[in-house]
Amino acid sequence: MQAHLPLADELAALTARIADLLLTHETVDEAVSALAQSLKEAIPGTLGAGVSLMDTRGRRTSTASTDPVIVQADQFQYDLRQGPCLTAWAQRATVVVEDSRTDPRWPAWSRAIADLPLRSVISSPLSTPDGAIGALKVYSPVPNGFDSRAIHLLELLARPAALMLANTQARDTAQRLSDGLVSVLTARDAVGTASGIVMERLHVNRDQALATLISASRRRNEPLHQLAGDIIAGGEL
């Protein structure tokens with residue numbers, strides 16, 4: 001990204017790029033990883049970037065970092081339950097750390113990262129109309145590593161990114177539910193077919209056939225749908 005671009009033009013170009021990245025990745029994890037890499041490349045002075053999605057209890061549902069040192073710094077936040085990313089998410093406000101060695105807000109976290117080459121941080125919440133779903137963060141190896149333009153740019157990028165990630169989450173969840181429903185229906189159909197085979201073999205009614213299948217499943221310690229598949233394939237009870 002060219003530094004001389006006016007902020008509005010730079011934002012438009014970055015938003016279009018991020019939209020393309022997020023909308024072309026099929027899973028949340030892929031989208032989060034792509035966004036983290038884009039942030040590292042887009043924000044001047046960034047050593048590494050990360051993205052975390054969280055549930056209503058502050059537990060991570062998906063996370064990505066561009067560099068091992070960012071993974072360490074973020075993991076300290078999750079383990080200690082304190083840090084700029086968690087604060088940005090909880091307060092739905094951008095958090096700026098000018099120097100992690102002198103900032104008094106998260107003493108345990110600041111001590112934990114003292115040996116890491118990280119000194120300044122910006123973290124912005126991923127806010128949607130329904131609430132914050134996580135946070136973006138970029139790290140610099142020097143104190144005061146980010147200027148006001150970088151802070152403003154991250155804040156502006158967080159808004160469309162939040163909506164697109166929320167949509168990706170919804171799509172991912174819907175796909176998992178759909179896959180689960182297909183599995184349930186397939187298993188149900190297999191049990192029904194196997195019950196019909198047992199009815200014919202043993203000359204029993206449907207309830208008795210199902211009871212026979214369940215008994216055999218327990219005796220063999222084999223899932224009912226798997227046993228049903230074996231019978232359909234010609235196996236014996």
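From the N terminus on, the elements of the protein chain follow the order α-α-β-β-α-α-β-α-β-β-α-α-α. That comes to eight helices and five strands. The model is predicted.

The protein chain has 237 residues, and 42% of them are buried. Of the contacts with a separation of 6 or more, 60% join residues 24 or more positions apart. The protein chain exposes about 12500 Å², with 54% of this area supplied by carbon and sulfur atoms.

Helix H4 covers residues 84-91 and is mostly covered, since six of its eight residues are buried. These buried residues are Pro84, Cys85, Leu86, Thr87, Ala88 and Trp89. What lies over them? The cover includes strands E1 (48-54), E3 (95-97), E4 (120-128) and E5 (131-140), along with helices H3 (68-80) and H5 (107-112). After H4 comes Arg92, which has a positive phi, near 55 degrees.

The count of aromatic pairs comes to one. Trp106 and Trp109 form this pair, which is edge-to-face, with 6.2 Å centre to centre and 90 degrees between the planes. A pair of aromatic rings is described by the distance of the centres and the angle of the planes.

Are the two residues of the pair, Trp106 and Trp109, buried or exposed? The table gives the values.

| Residue | Relative accessible area | State |
|---|---|---|
| Trp106 | 6% | buried |
| Trp109 | 0% | buried |

Trp106 counts as buried because its relative accessibility is 6%, and buried means under 20%. Trp109, at 0%, is therefore buried by this cut-off too.

Technical notes
Residues numbered from 1 in each chain as written. Predicted model: local features only at pLDDT ≥ 70, side-chain atom pairs only at ≥ 80, totals over all residues. Heavy atoms only, no water. Helix = DSSP H or I, 4+ residues; strand = E, 2+ residues; numbered from the N terminus. Buried < 20%, exposed > 50% of the residue type's maximum accessible area, 1.4 Å probe, protein only. Contact = heavy atoms within 4.5 Å. Areas by Shrake-Rupley, 256 points an atom, 1.4 Å probe, with all protein chains shown as cover. Phe/Tyr/Trp six-rings, centres within 6.5 Å; stacked < 30°, edge-to-face > 60°.
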